[in-house]
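Hi there,

I am passing a structure on to you today, and I hope you enjoy looking through it. Please open it alongside this email and follow along.

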Amino acid sequence: MSALANHAFVKMNGIGNDIVIVDMRADPVPISAAEARAVAGPGGAPYDQLMALYPPRLAGTDAFVRIFNNDGSESGACGNGMRCVARRMFAETGRDALTFETRAGLIACRKGPSPELFTVDMGEPRFDWRDIPLAEEFRDTRAIELQIGPIDAPILHSPSVVNMGNPHAIFWVDDIEAHDLARCGPLLENHPIFPERANITLAHIVSRDHIVMRTWERGAGLTRACGSAACATAVAAARLKRTARTVRMRLPGGELTIDWREADNHVLMTGPAELDYEGRFDPALFSGAA
């Protein structure tokens, strides 16, 4: 039987990014891709990301977190999900700061400037084409040669690319609602230039400290919010010198504040994390997934 059968879970959201948390620290059995897909399926708990907590593997960390997309693939980072995890563990431990290990590295979290806000240190962005990664060399990743549509009148073109724990491509547009992201998102996510696929964002710079954006999330699809995409977009805009290093990001689900800190090059993301409900998984979900 699946380790998730009858297992407790918590459904949360970070500005509309649907998050499910399962605490595997007491019984650290691995979760399979099939089990992760089953949780997101009919009768389960629909999510964008599933955050599975395991006992810490490194001294000085509070847990190891595996992050699943709803297609069963694993993600290196999820800023909105980490805020949700942090809120739960702040309540559990009574502490104001925690450090987690993920596939993308160590992520430090702290309580934010007000009780409903939480700050996640997403680490340093990476810009080299091999780190994103891309399938071919681009010396300047502030804008790469990629477009969809006619050569002389492309629909989208010249994205900025950044690795923010995951690969991200940001297309700068005048109107983020003027493009069918549900149609072009999967085409771009799976473009051969991205050997590990990519998150695809449409972004419009409103002012030096304000950006609006929408994201097609790798392995999850259209999402109301993607924290790592917000970080990647803010960093990409600052690299182009079109914004300051601290910006307000408006996503379909709400707002985040992103600060690309000059002192150490780390990207700090601040926003809310909300509890939706708690429950237990129906064993029938996993009849074919164990």
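Below is what turned up, one region at a time. Please keep in mind that this is a predicted model.

Let's begin with a group of strands. Strand 12 (residues 167–172) and strand 13 (residues 199–207) run parallel and are joined by five bridges. If you look for Ile170, you will see Thr201 of strand 13 standing opposite. To get from strand 12 to strand 13, the chain passes through helix 3 (residues 181–189), and this β-α-β crossover is right-handed.

Strand 13 has another partner: strand 14 (residues 210–217), paired in the antiparallel sense over seven bridges. Here His204 has Val212 in strand 14 as its bridge partner. Strands 13 and 14 form a hairpin, with two residues between them.

While you are in strand 14, have a look at Thr215. Is Thr215 buried or exposed? Its relative accessibility is 3%, and buried means under 20%, so Thr215 counts as buried. The side chain of Thr215 makes a polar contact of 2.8 Å with the side chain of Thr201. Setting aside neighbours within four places in sequence, Thr215 is in contact with several residues, including Leu181, Ile200, Leu222 and Cys226.

Next comes helix 2 (residues 79–93). This helix has 15 residues and reaches 20 Å from its first C-alpha to its last, close to the 21 Å expected at 1.5 Å a residue. Among its buried residues are Met82, Val85, Met89 and Phe90.

Finally, the aromatic rings. How many aromatic pairs does the structure hold? There are five. One of them is Phe9 with Phe281, a stacked pair at 4.5 Å centre to centre and 15° between the planes. This pair links distant parts of the chain: Phe9 is in strand 1 (residues 8–14), Phe281 is in the segment after strand 19 (274–280), and they are 272 residues apart. Phe281 also pairs with Phe286, and here the ring centres are 5.9 Å apart with the planes at 90°, so this pair is edge-to-face. Phe9 and Phe281 are both buried, and Phe286 is buried too. Together with Tyr277, the residues Phe9, Phe281 and Phe286 form one aromatic cluster.

Happy exploring, and do write back with any questions!

Best wishes

Conventions. Residues numbered from 1 in each chain as written. Predicted model: local features only at pLDDT ≥ 70, side-chain atom pairs only at ≥ 80, totals over all residues. Heavy atoms only, no water. Pairing = 2+ DSSP bridges. Helix = DSSP H or I, 4+ residues; strand = E, 2+ residues; numbered from the N terminus. Right-handed = clockwise from strand over helix to strand, strands pointing away. Expected span 1.5 Å × (residues − 1). Buried < 20%, exposed > 50% of the residue type's maximum accessible area, 1.4 Å probe, protein only. Polar contact = N/O pair within 3.5 Å; in protein donor to acceptor, adjacent residues only side chain to side chain. Contact = heavy atoms within 4.5 Å. Phe/Tyr/Trp six-rings, centres within 6.5 Å; stacked < 30°, edge-to-face > 60°.
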